[in-house]
Amino acid sequence: MDLGFITCDLGEVEPFAAQVYAATCAIPAGKTSTYGAIAEQLGNKQLAQSVGRALGRNPLPIIVPCHRVLGANGKLTGFSAAGGTKTKLKMLVIEGAQTGDTAGLFDDLPLIVKPR
């Protein structure tokens with residue numbers, strides 16, 4: 001579900017976190033990105049852990065869709081909401097995120113980021 005139409009006051013968050021949240025909001029429903037890709041988009045791939053920390057403090061989960069951000073190689077990583085990564089995976093499934101082009105033995109594994 002795209003909630004990008006909702007205007008949020010992020011005046012109290014650090015400037016870096018605000019940039020992370022804006023990049024995260026740009027990820028369409030049903031798609032994913034990685035912490036590293038967002039860090040690279042913000043100018044420095046070495047800031048991937050800082051991206052993760054900012055998303056861990058996300059004051060507006062669901063509206064700022066941090067569940068769409070995965071670890072390197074599409075690894076399903078921590079999620080601060082109740083249920084952790086199980087909730088993250090459920091939200092991605094609800095949005096129609098795909099695990100790959102064909103069904104296979106490992107379909108129940110975390111979602112992956114398709115290569116560009």
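Trainee: Where does Ile63 lie?
Mentor: Ile63 sits in the loop between H3 and E2. Helices (H or I, at least four residues) and strands (E, at least two) are DSSP runs, numbered from the N terminus. This is a predicted model: local features need pLDDT of at least 70, side-chain atom pairs count only at pLDDT 80 or more, and totals for chains, interfaces and linings use all residues. Residues are numbered from 1 along each chain as its sequence is written, and side-chain values use heavy atoms, with hydrogens and water left out.

Trainee: Which residues does Ile63 touch?
Mentor: Leu3, Ile6, Cys8 and Cys25, not counting residues up to four places away in sequence. Contact means heavy atoms within 4.5 Å.

Trainee: How many residues apart are Ile63 and Cys8 along the chain?
Mentor: They are 55 residues apart, and their C-alpha atoms are separated by 8.6 Å.

Trainee: Why does Ile63 count as partly exposed?
Mentor: Because its relative accessibility is 24%. Buried means under 20% relative accessible area, exposed over 50%, partly exposed in between (1.4 Å probe, protein chains only).

Trainee: New topic. Which residues are buried in helix H1?
Mentor: In H1 (residues 15-25), they are Ala17, Val20, Tyr21, Ala23 and Thr24. These residues cover an arc of only 160 degrees around the axis, so they are on the same side of H1. The arc is that of the directions from the helix axis to the C-beta atoms.

Trainee: What do the buried residues of H1 pack against?
Mentor: Helix H2 (35-41), helix H3 (48-56) and strand E2 (69-70).

Trainee: And the whole chain, what pattern does it follow?
Mentor: α-β-α-α-β-α, read along the sequence. That chain has four helices and two strands.
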